[in-house]
Amino acid sequence: MACNKENRKHFAVPAPVATGTVQSTKPTAGLQAKKPGTTSPVIVNQAHSTNSTKSVSKVTDGGQQPGGGNFKTPLLPPPPPRPVAGSSKPAATNQPQVSQTDENQPEPMDTTPAEPAKPADAVSDGGEKAASEAQKPAKKVWTLSNFDIGRPLGRGKFGNVYLAREKETKFVIALKVHAQGIEHQVRREIEIQSHLRHPNILRMYGYFHDETRIYLILEFAQGGTLFKEQQQQPGKRFPEKRCAIYVHSLVSALIYLHERNVIHRDIKPENLLLGQGGKLKIADFGWSVHEPTSSRTTLCGTLDYLSPEMVQGQPHTKTVDLWSLGVLAYELLCGKAPFLANTYEETYRKIMKVQYTVPPDVSKAAAHLISRLLVKEPANRMPLENVAVHPWIQLHVDNK
């Protein structure tokens, strides 16, 4: 596939995976406290990569973004080709070109599993053909040597995220690198995010691991985090129209998640990315859970976004995402979190009393929506379906 010159600037400063800094990775327990106007400092725990790749998941279909430029290739030998079952020839590796559209995207990488060969005399009751049928190519096994590694995209406590490009197809992705030792949390993240298909949710194409690290193959969102975009706005505040569009997109994604009994539990600007055309995408499912029947009691997430029931250590359900949505809407409109204080204790107190003040230049319609989401009693928070048709949303969002 020909390289797109517009993407070459992304790879001007190559960075090896073994060093650098990664896009938001969550700790296994505890809180993250966000100080006013900044994100919490984090420590990167790095380990040397090895050549030994042990397992790989199925890579699902996704869209392609072409890339170009120079990379520093990881010093790993290429993986040997896997033979197709029943054949002495290696599996085909020709990769189709992939469209750049966000929806209905063809699969960027060939991952079809091989089928076992049938006996020559195997004939079904319906007269189906036997071993003469064409066999499918073997499943793709990913290793670090399949990718050219570019610049760091973000950092986290347990690893980094890098811009990367699959060598054969030139398909641009974000490679999230987790250190070993947090397998339980990463497994949950993979199990949830790899099955999600929504235009406002970051895609996970697959994963692989070696002796020291776990690698997640993610969709690349070229706009970066919503937090970074917010810091560049006058007064760190978005105009109401733009804020309403972001809230509407987030509501659509949360409805999709809640219909599948997934609670995100860590909605904040740092975990929201901007894709092509500025489209909002939920990322980082490290604190997410799948809870079809029961509630949770784990205290997790970011302090400024914790709901009253989480602060009290009470069981919580999907309604914690409604509270976080209200906090996010306030922060995007006002430039700071509603319960921000100088001490943790004061923040806890303000959350429990639902004590906040809306600036006078915020419209009454926006203030009303926030007041219907920041409600202490979880059952009384405005349902997502009602948020989507709230007058403030309808005023600014074109639904055509």
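**View 1. Strand β6, covered on both faces.** Buried here means under 20% relative accessible area, with exposed over 50% and partly exposed in between (1.4 Å probe, protein chains only). Taken as a whole, six of the six residues of β6 are buried. Helices (H or I, at least four residues) and strands (E, at least two) are DSSP runs, numbered from the N terminus. This is a predicted model, in which local features need pLDDT of at least 70 and side-chain atom pairs count only at pLDDT 80 or more, while totals for chains, interfaces and linings use all residues. Residues are numbered from 1 along each chain as its sequence is written, and side-chain values use heavy atoms, leaving out hydrogens and water.

**View 2. The strand partners of β6.** Here you can follow β4 (172–179), which pairs with β6 in the antiparallel sense over six bridges; two strands pair if DSSP finds at least two bridges between them. Look for H178 opposite I214 in β6. Strand β5 (204–210) also runs antiparallel to β6, joined to β6 by five bridges, and F208 has Y215 as its bridge partner. A hairpin of two residues links β5 to β6.

View 3. UniProt positions follow the numbering used here, feature names are shortened, and annotations may be inferred rather than shown by experiment. With 8% relative accessibility, E219 counts as buried. Beyond its neighbours within four places in sequence, E219 is in contact (heavy atoms within 4.5 Å) with A174, I201, L202, R203, Y205 and K281.

**View 4. Two annotated aspartates in loops.** The "active site" annotation in UniProt (unreviewed entry) covers D266, which sits in the loop between β7 (262–263) and β8 (272–274). Its relative accessibility is 2%, so D266 counts as buried.

**View 5. One face of helix α7.** In α7 (364–373), the buried residues are A366, L369, I370 and L373. They fall within an arc of 100° seen down the axis, so they line one face of the helix; the arc is that of the directions from the helix axis to the C-beta atoms. These buried residues pack against α3 (240–259), α5 (319–334), α8 (384–388) and α9 (391–396).
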